[in-house]
Amino acid sequence: MASRERGMHDIENEMVFRNNPGFVFHDSRGFEAGGQFEFDKAKAFIAKRSKERRLSDRIHIIWYCIPMDEDSRSFTEAEVKFFSQCDTGSIPVIVLFTKFDALYDDEFAELISKGVSRKDAEALAPQHAKEAFANEPQLKLLYNHKGNQRPPKCHICLPDMDKDGADCGPLIERTAEILSDDTLRQLFVSTQRTILELCMRYAVERSLVLHLDSTQAILSPKLGKSDSQIIDALGRWFPRTTIVRLIISASILT
């Protein structure tokens with residue numbers, strides 16, 4: 001349940017999950033609830049970690065969470081402050097509109113009012129909610145370069161993340177796409193253990209194609225690299241243990 005009370009989070013603390021110790025998370029308190037102190041603390045943490053010399057100590061991605069389960073959810077001072085004042089440097093930011101399924105009810109009701117059956121309305125409501133949200137003022141404000149010093153790289157709408165079997169695939173795939181550094185992208189893809197298809201796709205698109213000739217056949221070892229080198233290049237995209245650091249920042253914590 002969304003709350004404006006400060007959650008018991010400290011951005012300096014590391015969170016590591018047993019099923020994938022390669023990802024290290026830092027969860028900030030909600031800026032809206034925490035006030036200037038929490039914002040300044042997160043701002044200083046981001047500035048410090050963006051300049052760390054060791055790759056494993058840096059922050060590699062920021063997920064900025066905005067819950068959509070409040071009526072007429074609009075940007076708060078927290079969002080305006082973060083995107084206009086927080087210098088994230090080269091760290092890419094993705095905005096996550098969480099609890100996006102909260103918008104389905106209004107679309108469902110509107111479809112019913114137009115004579116659509118309940119079964120069809122339930123099936124159509126998610127897509128209608130996405131289309132309606134695309135024209136809402138939140139996104140225009142989010143990507144407004146005049147008001148935002150560093151707008152996010154992209155945004156993702158995440159529904160039903162509190163349910164069993166929640167699909168985090170879109171978040172993982174989008175995160176991999178926006179990482180501009182090839183080495184970091186390879187570390188991220190090989191560390192995640194959710195989508196094997198993602199590992200396979202990057203292995204083929206980023207590594208295997210480098211070893212194909214004009215006929216799309218693998219180059220002869222005499223002309224190119226040896227088989228073992230090709231296998232090693234492909235294998236780097238598959239699950240292993242490394243350290244990828246992420247910040248989860250929310251204006252309102254749940």
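**Exercise 1. Locate Thr88 and determine whether the residue is buried or exposed.**

Solution. Thr88 is found in the loop that runs between helix H2 (77–85) and strand S4 (93–98); helices (H or I, at least four residues) and strands (E, at least two) are DSSP runs, numbered from the N terminus. The structure is a predicted model, in which local features need pLDDT of at least 70, side-chain atom pairs count only at pLDDT 80 or more, and totals for chains, interfaces and linings use all residues. Residues are numbered from 1 along each chain as its sequence is written, and side-chain values use heavy atoms, with hydrogens and water left out.

Next, take the accessibility. Thr88 has a relative accessibility of 5% and therefore counts as buried (under 20% relative accessible area; exposed is over 50%, partly exposed in between; 1.4 Å probe, protein chains only).

Finally, list the contacts (heavy atoms within 4.5 Å). With neighbours within four places in sequence set aside, Thr88 touches Ile46, Ile62, Phe82, Val93 and Arg150.

**Exercise 2. Describe the setting of His26 and identify which backbone oxygens its side chain reaches.**

Solution. Begin with the element: His26 belongs to strand S2 (residues 20–27). His26 has a relative accessible area of 0%, so the residue is buried.

Then follow the side chain.

As a last step, compare sequence with space. Glu12 and His26 are separated by 14 residues in sequence, and their C-alpha atoms are 6.7 Å apart.

**Exercise 3. Characterise the largest nonpolar core and the elements that supply it.**

Solution. A nonpolar core is a set of buried Ala, Val, Leu, Ile, Met, Phe, Trp, Tyr and Cys residues joined through side-chain atoms within 4.5 Å. The largest one holds 27 residues, and the members touching the most others are Tyr64, Phe82, Phe97 and Phe100. Two or more residues each come from helix H1 (31–49), strand S3 (61–67), H2, S4, helix H4 (118–133) and helix H5 (137–142). H1 gives the most, with 4 residues. Another core, of 25 residues, lies apart from it and includes Ile61, Ile94, Leu96 and Ile178.

**Exercise 4. State how many helices and strands the protein chain has, and what percentage of its residues is buried.**

Solution. The count of elements is 9 helices and 6 strands. Of the 254 residues in the protein chain, 40% are buried. For contacts with a separation of 6 or more, 70% join residues 24 or more positions apart.

Definitions and conventions
A polar contact is a pair of N or O atoms within 3.5 Å; within protein, one must be able to donate a hydrogen and the other to accept it, and residues adjacent in sequence count only if both atoms are side-chain atoms.
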